Amino acid sequence: MSTAAADATTDPHTTAPPTETSPSLSPTADRHGRKLSWLLAAMIALAAINLRPVVTSLGPLLDKVRTDLGMNATVAGLLTAVPALCFAIFGVAAPALARRIGPLAVVTAGMGAVTLGVLARSFAGGTAVFLLLTAVALTGVAVSNVLLPVVIKRYFPERVGPMIGLYSMSLSGGTALAAAITVPVTSALGGSWRLGLGVWGLLGLLALALCLVTLFLRREKGSTPRAAASAATARLTIRRSRTAWALACFFGLQSTSAYATMGWLPKIYQDAGVSAGSSGVLLALVMAISVPVSFILPNLAARRGDQRLFVVLLALSGILGYIGLAFAAGTLSWLWACLVGLSMCAFPLALTMIGLRARTSGGVAQLSAFAQSLGYLISIPGPILVGSMYQSTGSWYLPLGFLALLLVPQILVGLRAAQAKHIEDEAPAAA
């Protein structure tokens, strides 16, 4: 569980891709390494928990923020597209930063940006400053999104499935936690949105402290000649890889469904006669489903030579869920929520495939940046288009049919991305 020493090569159709290896350790060093590995695992989990509250804590308090800052409806609407845009733009820079100072150092800096942005925006006196500080936090989220799978690949090369499971479960848990308790916590703190949003910065401080301790103990030196040589061999012509393109499209399509669902599901239920309180509970159920599945699914997926079975099963769950919402949202409401929640677990599946489709941590860095950045760009129009369809037709039949139909190309590109191949075989190293 230490840094790369050499790139191994094996048959690309094996279940576990070859990884960087390290020399044998003495018993004392081995025990020390195990302790550091536990510390690193805790850091990954805590960092992942902090990747979504910057977004999901804002939604329940957006009306208060708008009123206090004088934010107009157009700007408030743009806030829903800003996260995906920041993830796409700033995620591209993550591999270059990782080559220069190391992925663990970049994730630590990312946690610093998240913490600074979340804490400072609670003191913002105007809309422009609030948006700027939100963007600072989202920049930290963007680079951490890309590089946490790289950290996993580098330090846990033989446990990619379980560690991706821990990462995605923690991320899902942070998403659900912020959505569920932001309003009660705000009420308990006197009703101020500034305290309700700022309190999540304390969780960021804890993650930042753990990142700093882990970074110090690991003594990661990304700028050494050895690291530079490794970085040079890791630069791939990734645009030539069909697997990379398929993963990017798969990531984008599943993100489209996820953002549209999180944004519109309560309204869908309310239009079917479900109370506002119950619709919120059903949205929480959708998010809660993904927490245990996000841990179990990567473990199962990593044990197989390919992940095509999971691609199909998750998409079929979503198709059934959206059809049920279209024709019977007020009946068996919990069933449709569970099915849609299962389909949204394509996110941890995509992360798992990113970790498995490259042989080295350098390859994972480039693949993660390419797939996530392009994927988030693909996802931006989806929720807006769903809202436009609803506004023009006055019903949810067309929007939900669109979301169900969107899962068909998701299956097709997912089947290609899930094949047991490595991008190094398709994208030769650049000169």
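Mentor: A nonpolar core is here a set of buried Ala, Val, Leu, Ile, Met, Phe, Trp, Tyr and Cys residues joined through side-chain atoms within 4.5 Å, and buried means under 20% relative accessible area. Please keep in mind throughout that the model is predicted.

With that definition in hand, the largest nonpolar core has 82 residues, and the members that touch the most other members are Met 43, Ile 44, Leu 147, Tyr 167 and Leu 349. The largest share of this core, 12 residues, is supplied by helix α8, which spans residues 127-155. Leu 147 deserves a look of its own: once residues up to four places away in sequence are set aside, Leu 147 touches Ala 94, Ala 98, Pro 103, Val 106 and Val 107, and also Ala 365. Apart from this core there is a second, separate one of 34 residues, and Ile 268, Val 274, Ala 326 and Val 340 are among its members.

Helix α8 also holds Val 136, which is partly exposed because its relative accessible area is 24%, and the range for that class lies between the buried limit of 20% and the exposed limit of 50%. Beyond its neighbours within four places in sequence, Val 136 is in contact with Ala 113 and Gly 117.

Two packed helices are described by the angle between their axes and the distance between the axes. For helix α13 (residues 242-271) and helix α17 (residues 346-356), the axes come within 9 Å and cross at roughly 160°. Angles over 145 degrees count as roughly antiparallel, and therefore α13 is roughly antiparallel to α17. The crossing in which α13 passes α17 is left-handed.

Gln 254, which belongs to α13, counts as buried because its relative accessibility is 5%. Leaving out neighbours within four places in sequence, Gln 254 is in contact with Ala 346 and Phe 347, and with Gln 410 as well.

Val 160 lies in helix α9, residues 160-188, and with 6% relative accessibility it counts as buried. Not counting residues up to four places away in sequence, Val 160 touches Ile 152, Lys 153, Gly 355 and Leu 356. Val 160 and Asn 299 are 139 residues apart in sequence, yet their C-alpha atoms are 8.2 Å apart in space.

A further helix pair can be set beside the one above. The axes of helix α18 (residues 361-379) and helix α19 (residues 381-393) come within 5 Å and cross at roughly 10°, so α18 is roughly parallel to α19. Here Leu 377, Ile 378 and Ser 379 in α18 meet Pro 381, Gly 382 and Pro 383 in α19, and the residues of this contact divide into 4 nonpolar, 2 polar and no charged.

Terms used:
Residues numbered from 1 in each chain as written. Predicted model: local features only at pLDDT ≥ 70, side-chain atom pairs only at ≥ 80, totals over all residues. Heavy atoms only, no water. Axes fitted to C-alpha atoms, helices over the stretch in contact; angles between N-to-C directions. Helix = DSSP H or I, 4+ residues; strand = E, 2+ residues; numbered from the N terminus. Parallel < 35°, antiparallel > 145°, perpendicular 65-115°, else oblique. Left-handed = near helix turned anticlockwise from the far one by under 90°. Buried < 20%, exposed > 50% of the residue type's maximum accessible area, 1.4 Å probe, protein only. Contact = heavy atoms within 4.5 Å. Nonpolar A, V, L, I, M, F, W, Y, C, P; charged D, E, K, R; others polar.
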